[in-house]
Amino acid sequence: MLRDVFHTNSNFWCTSNSVVDSTWKARVSTVNNVKIYNLSHGKSLPEWLSDRKKRALQKQDVDIQRRIELIQDFDMPTVCTSLRVSRDGQYILAAGTYKPRVRCYDTTQLSLKFERCLDSDVVTFDILSDDYSKLVFLHIDRYVEFHSQHGHYYKTRIPKFGRDFSYHYPSCDLYFVGASSEVYRLNLEQGRFLNSLETSAVEHNVCDINPVHHLFATGTIEGKVECWDPRARNRVGILDCALSSVTESTEVDGLPSVTALKFHGSLGMAVGTSTGQILLYDLRSAQPLLVKDHYYSLPIHSLNFHDQLDLVISADSKIIKMWHKDTGKIFSTVEPQTNINDVCLYPNSGMLFTANEDPKMNTLYIPALGPAPRWCSFLDNLTEELEENPESTVYDDYKFVTRKDLDNLGLTHLIGTPLLRAYMHGFFMDIRLYHKVKTMVNPFAYDEYRKDKIRQKIEESRAQRVQLKKLPKVNKELAMKLMDEGEDEALLKSKKKKAKGTTSILSDNRFKVMFENPDYQVDEQSEEYRLLNPLVSKVSQKRKKKLKMLAQLEAEEERKAQQEEEEEPEGRGSSDEDTSDDDDDKSWVAEVREQRRQLHAEKRNAKDKEQDSRRQDRDADLRATAGGSSGAFQQKHQTQAQGQPRFYQIKAGEEFRSFGDVARKQKLQKATLEERLRLDESAGMSNLADSAVGSKQLTFTLKKSEKQRSQQRAERDHHEERRKLRRSAGHLQTGGRGRGWGGGRGRGRGRGRGGGGRGRF
């Protein structure tokens, strides 16, 4: 007998053997030749709309008409955190927020059966019965809540915050693990807590119970799995998964902890780590059979087994991967647009549900995994009609690299080979080859990464302490000044109702070099700074005064809101402000003049000191020259007596001059100014030496203009002409009056000129 299914919100009427209109819209993607149908793709209607408006929108919007809504209202107000399917397959329960609630969907009616609101968010929950009549919720505030068919039944509390729990059916015990080394046991038959299991771990993340022999296993934060026998309450084994998860091709950021745990059959077990690895174990061996890496370095939080195809379905917050448990080869992948919180596989079918960081819960149908569930068997006839714009194939276990990455790795010679597959602006290469080459190029990358992580952790811990104002190494005074001005402006703007935020120079990346590079250090002793500093300081003082005055004016305006805008504030007139401004201008002008006087005085003092030092150097050189000959003579005889050579050191950039120049220097000093100028003119150079051995020398050329040279030639010709016409007067003797021996004007005996007596010419 065929059962008709009527779905009001999807606007279709179909039977299990009918063909639905091809206007349905679903998202179809193909990964490794496996088609994946997203039945939740399309627009969703807001929850707060009334039924009348929803029907009106369905008639107007074509996209809403073409969408597929397999289960009515299959969503949450904000976020869905976990999903479960009852053992009879009739009910699907979802927990989410906000506000915290649980929703139950009936698959026979394809609609919502009931909704219950809770007091706090749900960490995880489980269904104890075959249907929805017995539910257990673990809340984030340490409460454990029990629900029956009619609703809330009982509520208790555990000593520590819980993270996961499992139900042991033979003994009716609930095992709770969390932020404690103990595993709490709550017996539902007796209604009381039993003795806890004392473990060697600090904290626990997950737990699970084997469905065949009821072995209890818990995953610790240290990356270990402890197995306990519930009958004897003793630990029967321990696995170090953290050490086994690190292989040659894996990149580990820190110590892996166990975040997911799932038993398969009597001997199989899968363990997921916080670094993105899945380890498959046989309980008879301590070594993993297979290690699978997600390559996203994200915690694995969901593990499921598909018995028909021997697949493992693992999920982190970014991707769902389906792979063969024997070889690890990828079967297919699903990457939703939002982060994943939980994955629930509907038993014995190809349908799975995902809880996302989104109001909508995704319903995925993969025909390659199995047929559609009994309550929606019509989907098998719709797979061809649901295709619309299939997506391109996604390469898994490959690393996308650009040409720059290939240059850094030294693999540019592989371009054009089968090892690199061109794609868009880069290439796909095997992830194993990428890790091997990266390890060879930079073998110390892990150590550097570890040091950076440790430094970041230390800085984060330091950030929790009391923060002090840290001044930069360069321009500390300027930074202090800017900080003070920024505080004043922030205080003023905090009083305004509509204040626009401004960026400080200290926090602006364009000016950060000024406080890091020593070349930008402000020289406070320079002439420019000393001349501009009075003006800058006065401007800053005026600015502070203006800010204070604005604050006062705003306070007065708040008190006198009814006062007219043209009226000046009381207590101070505009003439007073002008007078204060004039006084400020006169004061900074006087300061600038004073700085100029000080600069001139410093320049004169420096010039006088320089002249004194030069004079002292010249006197020292003359004294050394005077005693040079005797010293050289004694030194010569002393050297000859000893029979050893005497060495002298010549500085870089100086020219050696022999000691024979000493006599020439002495003769040149005794010469008159006319003779020295004549020697300089003949050489065409003017030399000034400050030392006897030529330690200092200044040489410059006397350049004369054409007019000066022509004038010198005219004077030289004139002197030559006068020399030719001049006659000697040495043979003439004349008598005259003068001072001398004998009579005349002169008194006594003396030399003089004139006549009247005997004079000497």
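Below are legends for a set of close-up views of this predicted model.

Residues are numbered from 1 along each chain as its sequence is written. Because this is a prediction, local features need pLDDT of at least 70 and side-chain atom pairs count only at pLDDT 80 or more, while totals for chains, interfaces and linings use all residues; side-chain values use heavy atoms, with hydrogens and water left out.

**View 1. The whole protein, before we zoom in.**
The protein has 13 helices and 36 strands. Here helices (H or I, at least four residues) and strands (E, at least two) are DSSP runs, numbered from the N terminus. Of its 761 residues, 34% count as buried, where buried means under 20% relative accessible area, exposed means over 50%, and partly exposed is in between (1.4 Å probe, protein chains only). The accessible surface comes to about 49500 Å², and 50% of that belongs to carbon and sulfur atoms; these areas come from the Shrake-Rupley method with a 1.4 Å probe, and for residues only the protein chains shown count as cover. Now look at contacts (heavy atoms within 4.5 Å): among those between residues at least 6 apart in sequence, 46% join residues at least 24 apart.

A nonpolar core is a set of buried Ala, Val, Leu, Ile, Met, Phe, Trp, Tyr and Cys residues joined through side-chain atoms within 4.5 Å. The largest one here has 27 residues, and L70, I71, L83, M351, F353, W375 and L379 have the most contacts inside it. Strands β5 (79–85), β6 (91–97) and β30 (351–356) each supply at least two residues of this core. Apart from it lies another core, of 16 residues, including L311, I313, A315 and L345. Back to W375: leaving out residues up to four places away in sequence, W375 touches L70, I71, G89, T107, L110, Y346, M351 and F353.

**View 2. An open sheet running from β9 to β12.**
Four strands line up in the order β9-β10-β11-β12, with antiparallel pairing; two strands pair if DSSP finds at least two bridges between them. At the edges stand β9 (122–127) and β12 (152–157), each with a single partner strand, so one side of each has no neighbour in the sheet. From one strand to the next, the twist averages 15 degrees, using axes fitted as lines to C-alpha atoms (for helices, over the stretch in contact) and angles from 0 to 180 degrees between N-to-C directions. Between β9 and β10 (residues 135–139) there are 5 bridges, and T124 has L138 in β10 as its bridge partner.

**View 3. H139, a residue of strand β10.**
You can find H139 in β10. H139 is buried, with a relative accessible area of 1%. Not counting residues up to four places away in sequence, H139 touches L118, S120, D121, V122, V123 and E145.

**View 4. A second open sheet, from β17 to β20.**
This one also has 4 strands, in the order β17-β18-β19-β20, and the pairing is antiparallel. The edge strands are β17 and β20 (234–240); each has a single partner strand, so one side of each is left without a neighbour in the sheet. Ignoring direction, neighbouring strands are turned by 20 degrees against each other on average.

**View 6**
In β17 (residues 204–209), 6 of 6 residues are buried. It is joined to β18 (residues 216–220) by 5 bridges, and the two run antiparallel. I209 has F216 in β18 as its bridge partner. The hairpin has 6 residues between its strands, and H214 takes a positive phi near 60 degrees.
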